[in-house]
Amino acid sequence: MTNTYQPDARLISWHPVPWFLRSWGRLASLLVVLFISGTLQAQTGPRPRIGLTLSGGGARGLAHIGLLRALDSAGVHVDYVSGTSMGAVVGSLYAVGYSGAEIEQIARKLDWAAVLSNDPSLATVPLPERPEYNRYLAELPLAAGKFQLSKGIIESEELWLTLSELFFPYYRTKSFDQFYRPFRCVATDVLEGEPVVLDQGEVAPAVRASMAIPSVFAPVQYGNRTLVDGGVVRNFPVSDAKAMGADYIIGSNVSAGAYTAANLLSPIDVMLQISSFKDNADFKAQKALCNVLVEYPLGTYTSGSFTAAEPIIAIGLAQGRTLVPRLQALRDSLDRVYGPQPMRPTPPRADSVYFASYAVRGLTAEQAAHTDLMLQWMQLPLHRYYTAPQLSQALRRAYGTRYLRKMTYALQPLKGDSVHIVFDVELAPRTNLHLGLQYNSAVGIGMVTALSSRDFLLPSSISRVALNLGENPRLRLHHLQSFTHHRSMYAQLLAQGEQVEITPYDPNFSKAGLYRQRYGRVELQAAKILRADLSLGLGARYEHLGYQPEVTTRLQATGRLRQVNSYAFLEANTLNGTIYPTRGIRIEAELGAIHAQHSTFRVENTETQERLLMATKPFGHSQLNAELYHPVSRKSTFMVQVQAGVNVKSRQAFANDFFIGGLNRVLRNQITFAGLPDAGLFTGSAAVGLLGYRWTLTRNLYGVAKANVLYHDFVANNLRLQPAAVHYGGVVSLCLKSFIGPLEASLMYSDLAKKVLPYFNLGIPFGYR
């Protein structure tokens, strides 16, 4: 770290230096002390006020924390704070009264992927809606027959709630001059293209406006202005700290500067480059106003490198540690001239508020009927005390219904701890077009298109039609109807039709023919939600099944079958994500019976013309899928899965057997088993246990290893085509979490197939629940 200064401009720049210059550190500190002392002794009047300015820079702004820790450690009292974008986020927390150590702890604990996402947490989505949640490549809202797109790609409800929760303890302060350290943040008026300095009102939306990158984050309505990221016009607002009264400015710059051809890699990079044209000229002038300029060796980290939050914070802390002697020298020189400055106590923090009254903004007169519904969704009764996490969770529950595009709140102080809560909401369009792409080794490629609409047939309902166009076409109609205010009971009606080609295998696991399976079902379920992640219910499905051989084989199935499957079911889901979850369980269990069969289905040996007996008496039919995910570290996850399918007293072959094999459930009655191709084995009873381990290689790239064991044909009173046996298998996979969905390439082996088999999957299969 070197110190260079120009006495006429009083500019001291602190930058990383080579190791061979570090021995000059003490001498440099002494020069700083002598320089500052000589300058200040020549002045008269009150103690100079110190201003702190933090630049924008996205994820790179986490390095600012190192300077805050250094200021606290050196005992330097900052009188004014200004910031833009990420600098406004970090700076506002420091201004209201959080210490550098507390801000570091906050930054390390935040799930940045969730905070900067449009998606509600899976835990807040109603349980019966979770199977369809976040399954598609794109979701396009429709209103009045037209696409209704947001003004930004990301609204980020979770970011709003995180900011509101962090500033909750200081809800009584509406003037930024009244913060522990007076504060300013800069946004841009999107209509005028001019900087807007925010100094009063609600600090959470002010900070959110300051970081609203145009076209990436939705703009913020603040008073009568529409605001976007302040970095468009003033990414380093040193002049605003000066305007507050600062005599001496410490500037922290994490901006990567203008993009070059080498790092202009994505559409977001292009938008950031275009949006910063006006700021580039202003930046030099702002930089010249600093008395101390601190920069960081952030290398190739970009504004979007939030997955690298830990190393960026570490770089900032390392830089901060080198600054402590110099900051102590600054403090000592000031104390020598003006005397020690007493440290003010930090302001008290409110830990709860009393919910006395409320108002809802953002609804038209026609939409006002949703007001009572929103309170019911939030489960937030009046006249009770609530903490910040409780308020956030209440809003997450309402947002998870998917009826809302945005929901935020502001606390208006009343007498004592009582508050009037103003909810600012925006209803989501009721109709959405969903698009997806999938490929699977078993069913080939398909384009998935779905249209969903809320309250189309009845209130508190979702109606959906989904079509898979591809090698194996599928159509699904689904209506979900919720009952009671808290949606604790529901019913759903589902109809599905499909045509799938199935390849059977001989005992040596060579392809042994080709079948065309036509399948249709109509299913009705009624359930009670016992708690947010657990339901219990009854169901019945009418099924129509037809087999037609395309390639003749020795053992051949053909004909049609109609039947009713009645069952009780249990569903539980505490997973923290749809794709590659790292924590939680999922259980899908059915216990039932198949009855009322009407069959022309037959299985015969084409060489001997011998037919297998196909009885149509009722028999038991049950299925289980249970999964557990547990984080071993921040980069690795341990997995356990148990699957089972059991027919009892079934005297049929093939028709209601379980298909064993494959890595994704894409066929009716399928039980996955690593080491066999899809439908590699047909059986009336099977159980599979699996252990797996997933580790993160790089951002969104994972390695997965799984080992499983299969026990099949263990129910003796079924018609069995092979004896009971135990087999073992495993798979290694390379998985990419892409914008299309999961992209997986796998190699698997089992002692049954006795050969290495490839398996590929792209996207989330249409499949079965």
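I began with strand β13 (residues 353-361), which pairs with β14 in the antiparallel sense over 2 bridges. I count two strands as paired if DSSP finds at least two bridges between them. In this pairing, Tyr-354 has Tyr-385 of β14 as its bridge partner.

I note that this is a predicted model, in which local features need pLDDT of at least 70 and side-chain atom pairs count only at pLDDT 80 or more, while totals for chains, interfaces and linings use all residues. Residues are numbered from 1 along each chain as its sequence is written, and side-chain values use heavy atoms, with hydrogens and water left out. Helices (H or I, at least four residues) and strands (E, at least two) are DSSP runs, numbered from the N terminus.

**Sheet.** I looked up the strand order and found β14-β13-β16-β15, an open sheet of 4 strands with mixed pairing. Its edge strands, each pairing on one side only, are β14 (385-386) and β15 (404-413).

**Helix on the sheet.** I then checked what α13 lies across: β13, β14, β15 and β16 (418-427), and α13 runs at about 150 degrees to β15. Axes are lines fitted to C-alpha atoms, for helices over the stretch in contact, and angles run from 0 to 180 degrees between N-to-C directions.

The 13 residues of α13 should span 18 Å, and the end C-alpha atoms are 18 Å apart, which agrees.

After α13 comes Arg-402, with a positive phi near 70 degrees.

**Helix pair.** I looked up α12 (residues 370-378) against α13 (residues 388-400): the angle is about 120 degrees and the axes are 7 Å apart. Met-374, Trp-377 and Met-378 of α12 meet Ala-394, Leu-395, Arg-397 and Ala-398 of α13, where contact means heavy atoms within 4.5 Å. By class, I find 6 nonpolar, no polar and 1 charged residues in this contact.

**Loop.** Last, I located Leu-191 in the loop between β7 (183-189) and β8 (195-198). Exposed means over 50% relative accessible area, and Leu-191 counts as exposed because its relative accessibility is 72%. I also noted Arg-225, 34 residues from Leu-191 along the chain, with their C-alpha atoms separated by 8.3 Å.

How values were computed: Nonpolar A, V, L, I, M, F, W, Y, C, P; charged D, E, K, R; others polar. Expected span 1.5 Å × (residues − 1). Buried < 20%, exposed > 50% of the residue type's maximum accessible area, 1.4 Å probe, protein only.
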